[in-house]
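Have the sequence and the 3D view open as you read.

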Amino acid sequence: MSSSVQPGRVLLVGAGPGPVDLMTVRAMRAVQGAGALLYDALCSEEAVALAPPGCIRIQTGKRAGKPSMTQHEINRIMLRLARRGLRVVRLKGGDPSIFGRVGEEAAFLSAYGIATEMVPGVTAACAAAAQFGFPLTHRGQARRVVFTTARVENGAVVGDWRSGADAEATIAIYMGGEAAPDLAKALVTAGRATSTPVAVIERAGAADARLTTTSLGTLTSGPVPTCGGPVLIVVGEVAALAQDQTSKAVERLRDWA
Ligand SMILES: C[S@@+](CC[C@H](N)C(=O)[O-])C[C@H]1O[C@@H](n2cnc3c(N)ncnc32)[C@H](O)[C@@H]1O
């Protein structure tokens with residue numbers, strides 16, 4: 001690094017679920033002022049298009065059959081660009097602090113003396129709740145919200161799911177599409193009622209978002225069919241309140257399976 005170049009800062013920014021009107025003003029300004037933009041596959045084209053002409057744009061996620069970059073590659077690129085004095089924006093879908101690996105990135109950059117700042121975004125669970133008209137907490141029904149994900153090994157969900165038996169907890173499951181049946185079994189084994197309502201939301205925030213409602217018992221027998229978009233699963237009494245506001249795309253699959 002040339003001694004005359006001041007290392008740039010890296011902004012770790014949440015893009016929200018897609019539409020730019022669901023980005024925070026701070027997030028929009030960050031992208032509009034970026035000298036370099038590294039963005040995930042879940043970031044919308046609209047959000048990326050906010051970057052100014054001349055901004056270096058790097059797509060880090062899986063696209064067009066190409067594998068995603070490794071976390072190490074992403075870290076090194078951010079470091080290199082920041083050392084050139086650029087204002088680097090690392091744009092992530094939803095909120096960067098929720099399954100966004102933001103802690104690892106901040107720690108890596110900090111170890112090299114690069115300052116970071118986080119800009120929050122609307123996470124998928126909040127976008128889904130708003131779009132399909134259900135609360136994540138609800139007086140007398142849901143006092144807690146758990147943001148979680150599931151890892152399956154040899155057909156069983158890894159980890160301790162006993163807290164999932166809590167009937168007053170809303171469980172928002174990220175990256176759980178394939179693991180959903182095993183996860184549902186783990187929750188039932190833990191003591192959660194099979195009648196517990198479940199909402200499966202695909203592409204929350206988008207105009208073509210899809211809602212499927214089912215029950216925990218039904219979910220144990222197979223994943224809800226989806227169209228390939230990102231999927232969030234919400235387990236809890238509040239899921240019974242989910243409804244398609246347009247009443248078109250809704251699929252009620254209580255009898256499915
Ligand atoms: C790596 S995590 C990132 C989560 C993101 N940081 C957030 O706060 O929403 C990716 C997972 O989030 C969920 N997700 C992200 N965007 C979504 C959306 N628009 N609709 C439904 N689920 C979404 C899916 O479970 C997806 O597999």
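## Before we start

Two residues are in contact here if their C-beta atoms, placed from the backbone, lie within 7 Å. Please keep in mind that this is a predicted model.

## Two domains

The protein chain splits into domain 1 (10-119) and domain 2 (124-252). Their centres, taken over C-alpha atoms, are separated by 28 Å. Where the two meet, nine residues of domain 1 are in contact with 10 residues of domain 2. The side of domain 1 that touches domain 2 has six nonpolar residues, three polar and no charged.

## The nonpolar core

The largest nonpolar core holds 69 residues, and Val31, Leu232 and Val234 touch the most other members. Helix α5 (residues 124-131) supplies the largest share of this core, with six residues. Both domain 1 (10-119) and domain 2 (124-252) give residues to this core, so it lies between them.

Which residues does Leu232 contact, leaving aside its neighbours within four places in sequence? They are Ala124, Ala125, Ala128, Ala172, Ile173, Tyr174, Ile201 and Ala204.

## Around the ligand

The ligand has 21 residues around it, of which Gly94, Thr123, Ala124, Ala204 and Pro230 come nearest.

How values were computed. Residues numbered from 1 in each chain as written. Predicted model: local features only at pLDDT ≥ 70, side-chain atom pairs only at ≥ 80, totals over all residues. Core = buried A, V, L, I, M, F, W, Y, C linked by C-beta atoms within 7 Å. Buried ≥ 20, exposed ≤ 12 C-beta atoms within 10 Å, placed from the backbone. Helix = DSSP H or I, 4+ residues; strand = E, 2+ residues; numbered from the N terminus. Domains from an automatic or database assignment. Near = placed C-beta within 6 Å. Nonpolar A, V, L, I, M, F, W, Y, C, P; charged D, E, K, R; others polar.
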